[in-house]
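Morning, everyone. I have one model to go through today, so please have a look at the screen.

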Amino acid sequence: MSGTHDIKEEIRKYWGVFAALLVLTVVTVSISYLKFGLVAAIIVALTIALIKGSLVACFFMHLISERKLVYVILGFVVFFFLSMMLLIYASYFSLPGGARYVS
Amino acid sequence: MELMPYIVEERKDTGLFNAKLGIWLFLSSEVMLFGALFSSYVLLRTGGGAHWPHGSSILNVPIGAFNTAVLIASSVTMVFSWAALKENNLKKFKLNLALTILCAFTFLFVKAYEYGQKFGEEHIHPAVFLNAYSFLWTSYVNSLLHSGWGTKIISGASTLALGFLIFKKFKTALKFICGGLFLSFVLMTIFEFGSRTSHHYYPPSHNTFMAIYFTLTGLHALHVIGGIIVNGYLLGPGNKLWQTDPQRFTNRIEIAGIYWHFVDLVWIFLFPVLYLL
């Protein structure tokens with residue numbers, strides 16, 4: 001089996017991902033000091049977080065070379081997660097008159 | 001005699017060994033758990049409107065960034081420990097798993113320091129945390145504390161340079177000493193920031209932001225503790241399985257690793273949401 005050679009290749013990738021994650025962390029923190037407007041700040045911060053999360057998921061959790069069933073499960077997770085966030089957020093618009101969530 | 005089928009070889013229908021399917025299903029439920037809290041955060045923030053404080057005005061961003069780096073490092077060492085088992089290197093596996101647990105404890109330690117700041121504790125001198133190097137630290141820390149930024153940066157850079165010089169020639173022990181020196185410099189600079197942003201008495205009841213901050217990070221910290229317990233078992237008594245069934249043990253490490261990466265993933269989202277936005 002070409003196992004040992006493969007694993008050395010994988011280890012090189014892990015070092016690369018580690019470096020990328022640290023760089024992206026520095027970028028996130030640096031950008032926060034630039035004081036964008038709230039919407040822009042949210043978009044930038046969450047985009048970078050999404051990139052970092054994808055790197056961790058794809059390479060450390062081996063998702064990039066995973067079986068189809070795991071992708072199917074994660075597809076369900078994405079659907080239910082987004083639905084939950086949307087439904088909770090939408091509840092804000094159906095409050096009875098005069099009521100607020102935060103005093 | 002097989003206790004359970006498909007713990008090493010893959011099932012024909014799923015294409016996975018059972019534990020891998022199990023951990024992904026478990027993580028799916030964890031996504032819903034943290035997702036519910038994130039949704040609550042979104043709702044509370046949009047409901048709160050103008051009164052919502054910026055995370056950076058209450059929380060210590062350098063400390064949070066340091067904790068992010070620590071958790072990322074722990075994720076890397078976790079995957080290296082699995083890779084070491086694939087290479088049949090038990091010593092390397094133990095070293096990397098030990099480093100993972102060390103990073104996890106560092107994260108919790110720093111988190112506890114942060115929590116303490118919010119409950120009105122006096123600023124604790126960083127030298128207290130660095131027992132192993134304390135005799136060095138008193139003078140090193142004092143001189144850095146009373147120096148300007150220029151001196152701090154030069155000291156940090158020269159420590160790094162010294163470290164790199166030694167990495168090429170000497171043994172791992174010296175590598176750790178230099179790594180520790182540099183780490184302590186970073187820690188000390190961060191704690192200096194901490195002394196400027198420390199508040200007295202900001203418990204969960206202080207405002208909604210503190211409530212959601214403590215809930216989210218507290219739940220995350222519990223997950224870190226759970227991970228420490230599992231990894232600690234695998235480093236200690238759980239090790240025995242390597243002698244009898246190495247493939248099965250490697251699979252266990254892979255599964256523990258997937259859980260640990262998820263914990264890191266949650267923090268990667270928590271940090272910008274709470275500290276930076």
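First, the ground rules. This is a predicted model, in which local features need pLDDT of at least 70 and side-chain atom pairs count only at pLDDT 80 or more, while totals for chains, interfaces and linings use all residues. Residues are numbered from 1 along each chain as its sequence is written, chains are lettered from A and ligands numbered from 1 in the order in which they are written, and side-chain values use heavy atoms, with hydrogens and water left out.

Chain A, then. It has three helices and zero strands, where helices (H or I, at least four residues) and strands (E, at least two) are DSSP runs, numbered from the N terminus. Of its 103 residues, 29% count as buried; buried means under 20% relative accessible area, exposed over 50%, and partly exposed in between, with a 1.4 Å probe and protein chains only. Chain A exposes about 6,700 Å², and carbon and sulfur atoms supply 74% of that area; the areas come from the Shrake-Rupley method with a 1.4 Å probe, and for residues only the protein chains shown count as cover. Among contacts in chain A with a separation of 6 or more, 56% are between residues 24 or more positions apart. Contact here means heavy atoms within 4.5 Å.

Chain B has 10 helices and zero strands. Of its 277 residues, 53% count as buried. Its accessible surface comes to about 12,700 Å², with 69% belonging to carbon and sulfur atoms. For chain B, residues 24 or more positions apart account for 78% of the contacts with a separation of 6 or more.

Now the two residues. K20(B) lies in helix α1 of chain B, residues 18–48. Is K20(B) buried or exposed? Because its relative accessibility is 7%, K20(B) counts as buried. Its side chain makes a polar contact of 2.7 Å with that of E254(B), and another of 3.1 Å with that of E66(A). A polar contact is a pair of N or O atoms within 3.5 Å; within protein, one must be able to donate a hydrogen and the other to accept it, and residues adjacent in sequence count only if both atoms are side-chain atoms. Not counting residues up to four places away in sequence, K20(B) also touches I255(B) and I258(B).

W24(B) is in helix α1 of chain B too. W24(B) counts as buried, because its relative accessibility is 3%. Leaving aside neighbours within four places in sequence, its contacts include M61(A), L63(A), E66(A), V70(A) and L74(A), along with I258(B). The C-alpha atoms of W24(B) and I255(B) are separated by 9.0 Å, although the two residues are 231 apart along the chain.

Last, the packing in chain B. Helix α8 (residues 208–235) and helix α10 (residues 246–276) pack at about 160°, with axes 10 Å apart. Axes are lines fitted to C-alpha atoms, for helices over the stretch in contact, and angles run from 0 to 180 degrees between N-to-C directions. α8(B) is therefore roughly antiparallel to α10(B); angles under 35 degrees count as roughly parallel, over 145 as roughly antiparallel, 65 to 115 as roughly perpendicular and the rest as oblique. Residues making the contact include H220(B) and H223(B) of α8(B), and W260(B) and W267(B) of α10(B).

Helix α4 of chain B, residues 90–118, packs against α8(B) at about 155°, with the axes 10 Å apart. So α4(B) is roughly antiparallel to α8(B).
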